Amino acid sequence: MPESRFVVIDGCRTPFCRAGTDLAALAADELGRIAVDALLTRTGLDPALVDEVIFGCVAQPIEAANVARVIALRAGIPESVPAVTVHRNCASGFEAFTTAAERLAAGRGSVFIVGGAESMSQIPLLFQEDTARKFLTLTKSKSAGSKLAALSHFRLADFIPRIGLKLGLTDPVCGLNMGETAELLAREGSITRVAQDAFAQRSHERAVAAEARLAEEICPVYAGGHAITRDNGPRTDQTPAVLAGLRPIFEKYGSVTAGNSSQVTDGAVALLVMSEQRAVELGFKPLGALTAYAYAGCDPARMGLGPIFAIDRAAKRCGLMPSDADLVEVNEAFAAQVLAVLQRVPIPDEKLNVNGGAIALGHPVGATGARLILSSLRELTRRGGHRALVSLCVGGGQGAAIWLERR
Amino acid sequence: MTMQNIRLERGDDGVWTLTFDRPNSAANVFDRATLEELGAHLAAVAADAAARGLVLMSAKDSIFVAGVDLRVVRQMSAGDLAVFIELGQTVFGQLAALRIPTVAAIHGAALGGGYEVALACDWRVASPDACTKVGLPETKLGLIPAWGGSTRLPHLIGVPKALDLILAGKTPGARPARKLGLIDEIVPREHLRTAAVAWLARGKHPRSLVHSAPMNAVVDLAIAPHVRRDVEAKTRGLYPAVQKAMEAVMGGAAKWHEVDALKREREAIGELIGTESTRNLVSLFFLQERAKHRALPGVSAGERAIACAAVIGAGVMGAGIAQWLSARGLRVILRDIDPTRVAAGMATVGGLYTAGVRRRLFTEHEARAGFSRISPAATEVPLRRMDLVIEAAVEKMDVKQNIFRRLDDIVSDETLLATNTSALSITELAAATKRPERVIGIHFFNPVHSMQLVEVIVGRSTAPECAQRARRFVQRIGKLPVLVKDSPGFLVNRILLPYLTEAARLFERGASAIEVDEAMLDFGMPMGPLRLIDEVGADIAADVAATLSAAFPERMSVPAILPGLIAAGWLGRKAGKGFYVHDAKDAWKPNDDAANLRTGAQQVVPLSREALAHRMALLMINEAAHCLAEGLVEAPGDVDFAMVTGTGFAPFRGGPLCYADSLGARRVVGELSRLAEQSGAHYQPCPLLVEMAQTGKHFYED
């Protein structure tokens, strides 16, 4: 970064809860509000000092377009502070973070609240196009007769919904859904079911062991008289035998199962970021700073390999190699996909996804990137480490990599 | 006649507009001059053969017409008043009788006479703004709507709804008013006149052609017996205005001719005005108005209004305070020591908002926005940005002192530090911090959302600016503050306690719970004292009694029955049993077992209800006199207003000191002295009362 380093002051997140469970009733804007509100409360930051709020969200709630603005206003950020929602699929949380860094570099503000929010529970079911057209005709009909006529065109099959979540996870260009891209990597890399399940098992075990550490980054969600304080993805009763018993869900003879894929999850993350100079002025002690980052494109059908290209591009920018990192995160979209990355970019096991990953904790797509930044900075602090590399594969054929540092 | 209160204009389209705009005033009110002016204007409009319609408006920012000028009415002789009432009826009658359609375009408060003038129009449109309120609150002042309101409202919305509105003196905002039919349409303020002109096209209101449809039979047979029974049960004959309003509404609706109905209104108000009850209710109204605006002369409340507050303690009180503040636009941190407690507090807040939406106090949208203004915190968080911290933790001095000690490190020098304690010393608590001058008591009553009174407790070390800032804050959040010097029990609980312990003592000495409670209900209290102890909890009541008896051992003690109840686990409603047995549906019946706890030492001869009530009321008067004599508050009005607003002390009696005046100090002292000789030293009259008895003085000299 040029003049002033871009630093992370603090962050917090809601618990990550499997879709349809504890957080299912809360839309993305509400999850985001809770995270931003908790961040403001714990830092004591005057919200009037914020220059912009930037949030990532993949499936924006239809009733809260530009969800970042809704989050900001509901969380008590003054009306005069602008807000923008960014979207780079699974890297949307990264995108919010790096957009703020670019704003700072361009002299467009020095204090930002960034993050990501996703309610995968609330991704809507849609009507088929034909059905929608029939509804339109009905609303346009004025007389009772024409209404009746319009109604008579409806068939039972019209009410079979298109599942938004499924559509969102299917690549429109190559036509494969995300699980199928993982199957492709498994086939091409000869990645066995056993290896995938072992990786999934490791993710759960690490996440379970890290519960107390992860709790430090969680702000409780209060709903219905209860405090929701824990991630509910990690399974203490997960065994290799249970994983081995699951059926492949994308290909009949494939190896990708619900157990070795990331979970479909609700959650939100908020980070307070600013220029180092501003941090000194305001008396904040940063958690860490941004060193470099890169996004790179790749074959949409092999989107899981994205981190390889992004890490390579970042290396060209800052000269850092994975071996320079004390901690590395490769987001666990699928075990097969992470293993495929590792075939080309070897990373020592004790440095990789040390507190578990999305297979255990879940992958609320718009929020995950911001969680990786928060988790790895906190872990870096705990270990007294210097550098962390965090990376994601991105639906649509992209990769993202961010280098973070701590002094 | 000088025409200065109302502007009359005629548009080229034949539409006349009357704009109320009282000079040099933020409010429009009806006084004699304004009524005469209105009458003259209406005559001019009536004479215009080409007129198409008439629109009534106000030029004021937040008031349509606020009703009659009470200050003037208060000073009127009975004769003047009769003329004044008749004048109003005549002028509003002129308005109702116009052959052209008429519309009231209401922005701001249209209350009492202000709504009656709108009722005399054919149609009513109103702005959705928060300041827009309509209704007939006269019964709250011991009066009835007598400018046609009692007659015209039932014809507009039906007898049952009109009774509900008039007897309770409700003044709903635009949305609920539209729902009730009090107004016909809600339109933005800027479009009021356009909308009014559009309503003119509908012509005269169809029902205004006939005064009475055959409502009389319906009213007499179906409604009247019910309502009479209900009103009698609720008012116990203590509120003649409510009864007269009821008769005026039902009787008026049953009359075939409007003139007869209006005559009834006039007669009823004539009988009410000048009664002691009405006088007391009007005085209380002025005391409340004074509390809304009062300030310490020459002391600044600070430049900035309080916008951010932290509430420490998410129990019923803390959550209630947080909800109230957030609903009034403040951002609030609600902090407690663990997520479970915070969750319970947030659930309480959520419940209050849900109930508010159900009662149409908020839209869903407003409720959500209010709820979002509360930031929960389950750990210590920086409070440097807070303008105010209100501690509402458990009533233990060491717990509170610890909290205040910690606050030194996390708040700014500007932060006002308040405690919601109802019993502990502010001065002692203040000593735990490095900034005792910024520590103050802000004592809300339970339930926060419905209790208007807030005691602002000034400790010995509290800076006057802080007292001023706290009072301004309480006023701004729509509560009524009373400034009280730090002293055990402050004001309201201190005066209430001798009354409650006396009730317990009378029970202990043989009086039944029902007799004791009924005696005070007959006196005019909203709830009997033993049921109140059940509500508060015997443990809490005993705590307060212990604190106060330590401070005032010569007059106060813990009645023996309370430890008995506590030992038996009969803590009151929360335990299902106390003086009464409470069931899940909030019904109650006497707890016969409680009678077995009587020590049986001193049985009293059975006392009549009047005698029971008298003893309990005398003790409240006596303690109120002590508080005044000790200078806890500035004036007798502070005591009376606080007791009525904070405890529901029989409003028509004007408060304990006003009631003392009506009995006369000599009689009060005489009876207290006699009781002191017969039944115990705690009846010993306060020296101030004794002196007043000797000099023949009153608490209120005007």
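Just after helix 2 of chain A, which residue takes a positive phi? This is a predicted model, in which local features need pLDDT of at least 70 and side-chain atom pairs count only at pLDDT 80 or more, while totals for chains, interfaces and linings use all residues. Residues are numbered from 1 along each chain as its sequence is written, and chains are lettered from A and ligands numbered from 1 in the order in which they are written.

**View 1. Helix 2 of chain A and what follows it.** The residue with the positive phi is A:G76, at about 90°. Helix 2 itself (67-74) is mostly covered, with seven of its eight residues buried (20 or more other C-beta atoms, placed from the backbone, within 10 Å of a residue's own; 12 or fewer is exposed, in between is partly exposed). Among the buried ones are A:V67, A:I71 and A:R74. Helices (H or I, at least four residues) and strands (E, at least two) are DSSP runs, numbered from the N terminus.

**View 2. Where chain A touches chain B.** Chain A puts in 15 residues and chain B 19 residues, a contact being two C-beta atoms, placed from the backbone, within 7 Å. On the chain A side, helix 1 (28-43) and strand 9 (226-228) are the elements giving two or more residues. Helix 1 of chain A has the largest share, four residues. By class, that side splits into three nonpolar, seven polar and five charged (nonpolar is Ala, Val, Leu, Ile, Met, Phe, Trp, Tyr, Cys and Pro; charged is Asp, Glu, Lys and Arg; polar is the others, Gly among them).

**View 3. Helix 28 against helix 29 in chain B.** Helix 28 (665-679) and helix 29 (687-695) pack at about 130°, axes 8 Å apart; axes are lines fitted to C-alpha atoms over the stretch in contact, and angles run from 0 to 180 degrees between N-to-C directions. Helix 28 brings B:A665, B:R666, B:V668 and B:V669, and helix 29 brings B:L689, B:V690, B:M692 and B:A693. That makes seven nonpolar, no polar and one charged.

**View 4. B:L628 in helix 25 of chain B.** B:L628 is buried, with 22 other C-beta atoms within 10 Å. Leaving out residues up to four places away in sequence, B:L628 touches B:V633, B:P636, B:V639 and B:L688.
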